[in-house]
Amino acid sequence: MKTSVISFANKKGGSGKTTITLNIGAILGDRGYRVLLIDLDPQAHLSYWSGVNTYDEYFSIYDCLLDRCPINKAVYTPEHNLFDIIPASNKFDKDDLKVLLNFTKPENRLNRKLMLYKKKYDFVLIDTPPTFALMTLGALIASDFVIIPILLNFLAIEGLSQLVQNIYKINYLYNPKLKILGIIPNQFNLRSNHAKKVLAEIKENFDNKIIFPKLRNDIKLAEAPEFRLPINLYSKKSKANMDFNLMVDYMLDVLNNEV
Ligand SMILES: Nc1ncnc2c1ncn2[C@@H]1O[C@H](COP(=O)(O)OP(=O)(O)O)[C@@H](O)[C@H]1O
Ligand SMILES: [Mg+2]
């Protein structure tokens with residue numbers, strides 16, 4: 001099986017990028033796929049939730065991008081063993097950024113680092129930060145696909161059309177193979193009537209095939225990070241676990257039809 005590299009992107013914080021990256025990763029891992037998660041957000045929420053101990057000294061994705069360690073030294077396996085992860089670090093500072101920008105084409109570095117290493121995995125899932133555009137650009141250059149989680153409210157629609165424009169630009173300028181694999185409607189904290197109206201509007205504007213099954217609001221998702229467990233281990237019978245499994249079924253279906 002050829003490796004699929006998938007970025008989860010949306011500049012809007014709180015749209016569910018981290019939640020969705022981690023739980024899709026865990027479910028794919030549970031189904032026997034080899035999965036690598038990459039945390040590009042210096043807030044390092046994905047790293048924390050995955051169970052990597054962020055208090056100890058460890059190598060992060062930034063160390064790897066800065067040539068401070070080879071990529072395999074920055075890969076960690078949580079106890080549950082459902083995926084591997086390359087963590088982020090909140091220690092990345094202005095000096096580090098200067099060093100990164102001094103490399104030729106810093107935006108291509110992630111792609112180059114992953115080129116050979118990714119072959120160990122069926123899926124590489126990349127969680128991107130809300131700011132720090134260079135990291136998101138790097139992620140999209142390294143990816144075959146992008147998935148956009150979106151909160152179903154009217155303001156989010158405007159953000160969505162901007163994001164799609166940007167993806168087309170990156171597609172044209174840097175990475176012709178990049179495709180939008182899906183939009184994931186996240187109904188977090190919204191009354192369903194409003195959410196339904198917004199979803200209808202999105203469906204008018206995009207090919208229905210790329211609209212994934214939605215993720216409902218589920219308090220279990222807000223609780224799980226404290227225990228550092230993905231939803232399929234934290235609460236197998238939850239709504240969220242059911243939604244994520246349908247989402248993964250759909251994603252695998254779409255990917256099968258790609259090749
Ligand atoms: N469907 C949902 N149900 C309940 N809580 C959710 C849901 N989606 C996201 N959350 C919560 O919302 C917050 C933001 O989600 P997160 O995945 O961190 O978004 P992002 O990475 O896009 O900033 C987190 O506290 C998360 O637990
Ligand atoms: Mg996040």
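Modeller: In the classification used here, Ala, Val, Leu, Ile, Met, Phe, Trp, Tyr, Cys and Pro count as nonpolar, Asp, Glu, Lys and Arg as charged, and the others, Gly among them, as polar. On that basis, the shell around ligand 1 in this predicted model divides into four nonpolar, eight polar and three charged residues. The shell has 15 residues, of which Gly14, Lys17, Thr18, Thr19 and Arg216 come nearest to the ligand.

A polar side-chain atom of Thr19 is placed 2.5 Å from an oxygen atom of ligand 1. Asn186 has a polar side-chain atom at 3.0 Å from a nitrogen atom of the ligand. For Asn217, an N or O atom of the side chain lies 3.2 Å from a nitrogen atom of ligand 1. Taken alone, the ligand exposes 550 Å², and the protein buries 82% of that area.

As for secondary structure, α1 (17-30) and α9 (219-227) are the elements that give two or more residues to the shell around ligand 1. The largest share belongs to α1, with three residues.

The surrounding space can be described in turn. Ligand 1 takes up the space of the largest pocket, whose volume is about 570 Å³. This pocket is lined by 27 residues, and those closest to its centre are Gly14, Gly16, Thr18, Thr19 and Trp49. Gly14, Thr18 and Thr19 are also among the residues that come nearest to the ligand. At least two lining residues are supplied by each of α1, α2 (45-50) and α9. By class, the lining of the pocket comprises 10 nonpolar, 11 polar and six charged residues.

Eight of the residues that line the largest cavity are nonpolar, one is polar and two are charged.

Notes
Residues numbered from 1 in each chain as written. Chains lettered and ligands numbered in written order. Predicted model: local features only at pLDDT ≥ 70, side-chain atom pairs only at ≥ 80, totals over all residues. Heavy atoms only, no water. Near = heavy atom within 4 Å. Polar contact = N/O pair within 3.5 Å; in protein donor to acceptor, adjacent residues only side chain to side chain. Areas by Shrake-Rupley, 256 points an atom, 1.4 Å probe, with all protein chains shown as cover. 1 Å grid on protein atoms, 1.4 Å probe; cavity = no way out; pocket = protein on both sides within 12 Å on 5 of 7 lines; lining within 4 Å. Sits in = over half its atoms within 2 Å of the grid points. Helix = DSSP H or I, 4+ residues; strand = E, 2+ residues; numbered from the N terminus. Points joined across faces, edges and corners; volume = space filled by probe spheres on them.
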